[in-house]
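Please look at the model below with a few selected residues in mind. The notes that follow take them in turn.

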Amino acid sequence: MEAAFRQALDALSNDPVLQGLLTIFCTWILEDATLIVCGLLVADQQMRYDTALIALAAGIAIGDWGLYLIGRILGPRIVSWGLVSQRRLDRIRAWFDDNMFTAVLVSRFVPGLRLPANLAVGMAHASLRRYLPAAVFASWLWTLITLTLIVWLGTAVMPLLGALKWPVGIALVLAVIYVQRRSYKRMTEDPESTSAEGAPASFFEFWHPWLFYAPVAVYYFWLALRFRSLTLPTAANPSIYSGGMIRESKSQILGLVPALLRQWSAVHAAYEFTRDGTIDMH
């Protein structure tokens, strides 16, 4: 299977036009996964950087235009369905016309805003003349930054992985897809079906923790490869279990505070369930 995969990469690397067309198509299906794969291909010298940059930016921009067109089609319908008044839609259009560049640029860089923002611009029938260049620039800037970062990381890490570079790369892509699906499910699930009490503090409350920890994990494994140790950080705090990385006890950490300074630490207590069902507090 690995040999077949390598042959496919070699065949594609000799046809940049086919690479570009395939990249554009794949961005409409899984944009982030395509971006990561193209970055790794460039790092592995199986794809030219300019081919990846142009194809990714074009595919992403075309996808945003498609969302805009869908919004334009739905705009009159949501008014006729009574979901929003024409007056309110006109106010939204005026705001987008005044803040088009900022709105499109922010929606490209903030996760979760791309789909609703582009649809909203189209539904409001905001200026197409202002929207198109803003969408192109935002797509190009986003692609330039993320692709360059992925290529840089891939160039540094992939040689260290040797024969495992593509299995690890594919595992990374699958992990990104899984996190996205989990995050989408968390954001769209019915709040009444959850056990959380009260209204969410913000939209970001529904983001999956992996969205925040994934970059940390990538950097952690890069440092582990660089210093040839997965457990080196546990030596940073030798008085704390596992150096504070995992399964550390907050009460034990607070218990390390000297007696003279405990008046400045938080009042705390630990509860332990015994085998006979009673609660032991200490």
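Asparagine 118 is in contact with Asp64, Leu67, Tyr68 and Tyr131, leaving aside its neighbours within four places in sequence. The model is predicted. Asparagine 118 is found in helix H6, residues 114–123.

Is asparagine 118 buried or exposed? The relative accessible area of asparagine 118 is 3%. Buried means under 20%, so asparagine 118 is buried.

**Helices H4 and H6**

How do these two helices cross? The axes of H4 (residues 49–80) and H6 come within 6 Å and cross at roughly 50 degrees. That angle makes H4 oblique to H6. The crossing is right-handed.

Which residues of H4 and H6 meet? On the H4 side they are Ile60, Gly63, Asp64, Leu67, Tyr68, Ile70, Gly71, Arg72, Leu74, Gly75 and Ile78. On the H6 side they are Arg114, Leu115, Asn118, Leu119, Val121, Gly122 and Met123. The residues of this contact divide into ten nonpolar, five polar and three charged. Asp64, Leu67 and Tyr68, named above as contacts of asparagine 118, are among the H4 residues that meet H6.

Most residues other than glycine have a negative phi. Glutamine 45 has a positive phi although it is not a glycine. Histidine 125 also has a positive phi and is not a glycine.

| Residue | Phi | Location | Relative accessible area |
|---|---|---|---|
| Glutamine 45 | about 60 degrees | loop between H3 (31–43) and H4 | 72% |
| Histidine 125 | about 55 degrees | loop between H6 and H7 | 31% |

Glutamine 45 is exposed, because its 72% is over the 50% cut-off. Histidine 125, at 31%, counts as partly exposed.

**Leucine 160**

Where is leucine 160 found? It is found in helix H7, residues 128–161. Leucine 160 touches Trp222 and Leu225, not counting residues up to four places away in sequence. Leucine 160 and tryptophan 222 are 62 residues apart in sequence. In space, their C-alpha atoms are 9.9 Å apart.

How values were computed. Residues are numbered from 1 along each chain as its sequence is written. This is a predicted model: local features need pLDDT of at least 70, side-chain atom pairs count only at pLDDT 80 or more; totals for chains, interfaces and linings use all residues. Side-chain values use heavy atoms; hydrogens and water are left out. Helices (H or I, at least four residues) and strands (E, at least two) are DSSP runs, numbered from the N terminus. Contact means heavy atoms within 4.5 Å. Buried means under 20% relative accessible area, exposed over 50%, partly exposed in between (1.4 Å probe, protein chains only). Axes are lines fitted to C-alpha atoms, for helices over the stretch in contact, and angles run from 0 to 180 degrees between N-to-C directions. Angles under 35 degrees count as roughly parallel, over 145 as roughly antiparallel, 65 to 115 as roughly perpendicular and the rest as oblique. A crossing is left-handed if the near helix is turned anticlockwise from the far one by less than a right angle, and right-handed if clockwise. Ala, Val, Leu, Ile, Met, Phe, Trp, Tyr, Cys and Pro count as nonpolar, Asp, Glu, Lys and Arg as charged, and the others, Gly among them, as polar.
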